[in-house]
Amino acid sequence: MRNYLITILLLCCSNVFMTFAWYGHLKNLSHKTWIIAALVSWGIALFEYLLQVPANRIGHQVMGLGQLKILQEVITLMVFVPFSVIYMKEKIHFDYLWAGICLFGAVYFIFRPKLLP
């Protein structure tokens, strides 16, 4: 259970960096050239990788690759929605809910062998 929790915590933290690296420049660096935005994003992404690589190594000890990927996607959506609404000032849409429901379906199917022996 400890490896699951460590993996989830590290993936959540890495996703915060990833989300800012991928989308933060749209708000903060829109007046700069794309190469400046890319370099800043790469700098932010370094911190993402410093958390994401250990998370995947720890998680792979107790989960399969597909399970890690689906977990990553769920965490990505959980980080992205508040980021887009709070930080980027986007309006929330029901599409986020439908996407979330689909991802939870994916979680069920990918983790079903562990949930239902």
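In which helix does threonine 7 lie? Threonine 7 belongs to helix 1, which covers residues 2-28. Helices here are DSSP runs of H or I with at least four residues, numbered from the N terminus.

## Basis of the model

This is a predicted model, in which local features need pLDDT of at least 70 and side-chain atom pairs count only at pLDDT 80 or more, while totals for chains, interfaces and linings use all residues. Residues are numbered from 1 along each chain as its sequence is written, and side-chain values use heavy atoms, with hydrogens and water left out.

## Threonine 7

Threonine 7 has a relative accessible area of 0% and is therefore buried (buried means under 20% relative accessible area, exposed over 50%, partly exposed in between, with a 1.4 Å probe and protein chains only). Setting aside neighbours within four places in sequence, threonine 7 is in contact with Ala55, Ile58, Gly59, Met63, Leu68 and Leu71; contact means heavy atoms within 4.5 Å.

## Helix 3 against helix 4

Two packed helices are described by the angle between their axes and the distance between the axes. For helix 3 and helix 4 (residues 94-115), the axes come within 9 Å and cross at roughly 155°. The axes are lines fitted to C-alpha atoms, for helices over the stretch in contact, and angles run from 0 to 180 degrees between N-to-C directions. Helix 3 is therefore roughly antiparallel to helix 4, the term for angles over 145 degrees.

On the helix 3 side, the residues making the contact include Phe80, Val81 and Ser84; on the helix 4 side, they include Tyr96, Ala99 and Gly100.

## Serine 84

Serine 84 lies in helix 3, residues 65-87. With a relative accessible area of 2%, serine 84 is buried. Its side chain is joined to that of tyrosine 96 by a polar contact of 3.4 Å. A polar contact is a pair of N or O atoms within 3.5 Å; within protein, one must be able to donate a hydrogen and the other to accept it, and residues adjacent in sequence count only if both atoms are side-chain atoms. Beyond its neighbours within four places in sequence, serine 84 is in contact with Lys89, Glu90 and Tyr96.

Lysine 89 is found in the loop between helix 3 and helix 4. Lysine 89 is exposed, at a relative accessible area of 63%. Most residues other than glycine have a negative phi. Lysine 89, although not a glycine, has a positive phi of about 65°.

Proline 82 lies in helix 3 and is partly exposed, with a relative accessible area of 37%. The C-alpha atoms of proline 82 and isoleucine 92 are separated by 9.1 Å.

Key. Helices (H or I, at least four residues) and strands (E, at least two) are DSSP runs, numbered from the N terminus. Angles under 35 degrees count as roughly parallel, over 145 as roughly antiparallel, 65 to 115 as roughly perpendicular and the rest as oblique.
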